[in-house]
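Here is a short briefing on a predicted protein model. Read it with the sequence and the 3D view side by side.

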Amino acid sequence: MYDPEGYSLWFCNYKYNDENTVSFVTLNKVGGFLQRMDLARKYAFGKMLVIVSDPPFKVKGLWLFRGQEVPQFIIDECYDMELYDWCKVDITDEDQKECVNQMIEDHEPFEGEALLDAKCFK
């Protein structure tokens, strides 16, 4: 049901995972990011995962945006966007497609590690 002409999928990875040593602080970072993304409610759907490894914890996300790029007004208004590395998903790549499915389904283990939490933005 994915329309690759009208929408684009993006992976995001938190750039500073080495700072994520306390679980509740990491979860608050993700929660705050999702609150600040509220302005994108009509333009985006997102899934953020906090992955349990031994601290530091990893934060990864999957986002669906209208159009082929991340909307500029979101980049301009949500300062947290720069804290993540953004990579457009190539849905024809089977490995990336499998990763998308695992993220949406909260598949555990994810990339060989347990999930601490999964938060959905809709």
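Asp80 and Arg36 meet through their side chains in a salt bridge, with N to O at 2.8 Å. This pair links distant parts of the chain, 44 residues apart.

**Salt bridges**

- How many salt bridges does a search of the whole structure find? The search finds seven. Three of them are described here, starting with Asp80 and Arg36.
- Asp80 sits in the loop between α2 (72-77) and β4 (84-88). Its partner Arg36 belongs to helix α1 (residues 23-36).
- Is Asp80 buried or exposed? Asp80 counts as buried, because its relative accessibility is 4% and the cut-off for buried is under 20%.
- Arg36 is partly exposed, at a relative accessible area of 32%.
- Lys47 and Asp106 also join their side chains in a salt bridge, again given as N to O, at 2.8 Å.
- Lys47 is buried at 9% relative accessibility. Asp106 is partly exposed at 32%.
- Asp38 forms a salt bridge with Arg41. The closest N and O atoms of this pair are 2.4 Å apart.
- Asp38 is partly exposed, with 40% relative accessibility. Arg41 is partly exposed as well, with 39%.

- Lys60 lies in strand β3 (residues 58-66).
- Why does Lys60 count as buried? Its relative accessible area is 18%, and buried means under 20%.
- Leaving aside neighbours within four places in sequence, its contacts include Cys12, Asn13, Lys47 and Met48. Leu49, Ile51, Met103, Phe110 and Glu111 are also among them.

**Helix α3**

- Which residues of α3 are buried? Cys99, Val100, Gln102 and Met103 are buried in this helix.
- Looking down the axis of α3, the buried residues fall within an arc of 165°, so they line one face of the helix.
- What covers these buried residues? The cover includes β1 (7-14), β2 and β3.
- Look at the start of α3. There a side-chain oxygen of Asp93 comes to within 2.8 Å of the backbone nitrogen of Asp95.
- Now look just after α3. Asp106 has a positive phi of about 55° there.

**The loop between α3 and β5**

- Asp106 is found in this loop. Its phi is near 55°, which is a positive value in a residue other than glycine.
- Glu111 lies in the loop between α3 and β5. Its phi is positive too, at about 50°, although Glu111 is not a glycine.
- Is Glu111 buried or partly exposed? Glu111 counts as partly exposed, at 44% relative accessibility.
- Pro109 is also placed in the loop between α3 and β5. A cis peptide bond joins Glu108 to Pro109, with omega about 5°.

**Another cis peptide bond**

- Pro55 and Pro56 are joined by a cis peptide bond. Omega is about 15° for this bond.
- Where is Pro56? Pro56 is in the loop between β2 and β3.

**The chain and its record**

- An unreviewed UniProt entry lists residues 1-122 as "domain: EF-1-gamma C-terminal".
- Over residues 1-122, the chain is 25% helix and 32% strand.
- The end C-alpha atoms of residues 1-122 are 17 Å apart.

Technical notes: Residues numbered from 1 in each chain as written. Predicted model: local features only at pLDDT ≥ 70, side-chain atom pairs only at ≥ 80, totals over all residues. Heavy atoms only, no water. Helix = DSSP H or I, 4+ residues; strand = E, 2+ residues; numbered from the N terminus. Buried < 20%, exposed > 50% of the residue type's maximum accessible area, 1.4 Å probe, protein only. Contact = heavy atoms within 4.5 Å. UniProt positions renumbered as here; feature names shortened; annotations may be inferred. Salt bridge = Lys/Arg side-chain N within 4 Å of Asp/Glu carboxyl O. Arc of directions from axis to C-beta. Polar contact = N/O pair within 3.5 Å; in protein donor to acceptor, adjacent residues only side chain to side chain.
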